[in-house]
Amino acid sequence: MPVTLVQVDFPHSGPWGAEMASAFEGLAQSIAAEPGFLFKYWTEDQAQGIAGGIYGFASRAEAEAYLTMHTARLQGFGVTGIRGLILDVNEPLSRIDKAPVL
C-alpha cells in the first residue's frame, strides 16, 4: 500500500518529553481518528526549540486535507512559523534501507 507522508514542524517552547506526552494525549487521540491516518512519529528538539511530527496517510488527498486542517488548528493555538510538507515514499528504496513500509 502506498504511504504519503506529512512532515510538520514549528517553533515550540515546551513542554518536552514526558510532560509533552501528558499535555498532548488528547490531541494524539484526535489525530489517530483522522481519515486515512496510519501513524505519527512525534518529534521534538528542545535545543532548537522545535516540535512537530512525521505522519503517514493512506492517500495524498487525505494527507493534504489533514495538513490544511492541522495548520489551521495550530494557528488557532497561536502557533506561528509552521512548516508543512507532503512527501511521497519511494517504497523500493525505503525497503532496502529497512524503513517500516506498509
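I will start with a pair of residues: Phe37 stands opposite Phe57, and Phe57 is in strand E3. Before going further, note that this is a predicted model.

Now the strands around that pair. E2 and E3 run antiparallel, and 8 bridges join them. On the other pairing, strand E1, residues 4–11, is also joined to E3 by 8 bridges, and again the two run antiparallel. Within that pairing, Val6 is the residue opposite Tyr55 of E3.

Next, the connection. E2 and E3 make a hairpin, with 4 residues between them. E2 covers 37–45 and E3 covers 50–57, and Gly49 sits in the loop between the two. In that turn, Gly49 has a positive phi of about 70 degrees.

Is Gly49 buried or exposed? Its relative accessibility is 18%. The cut-off for buried is under 20%, and therefore Gly49 counts as buried.

What is Gly49 in contact with, once neighbours within four places in sequence are left aside? The list is Phe10, Pro11, His12 and Trp16. There is also a distance to give for Gly14: its C-alpha atom is 7.9 Å from that of Gly49, with the two residues 35 apart along the chain.

To recap: E3 pairs antiparallel with E1 and with E2, and the turn of the E2–E3 hairpin holds Gly49. That is my item.

How values were computed: Residues are numbered from 1 along each chain as its sequence is written. This is a predicted model: local features need pLDDT of at least 70, side-chain atom pairs count only at pLDDT 80 or more; totals for chains, interfaces and linings use all residues. Side-chain values use heavy atoms; hydrogens and water are left out. Buried means under 20% relative accessible area, exposed over 50%, partly exposed in between (1.4 Å probe, protein chains only). Contact means heavy atoms within 4.5 Å. Two strands pair if DSSP finds at least two bridges between them.
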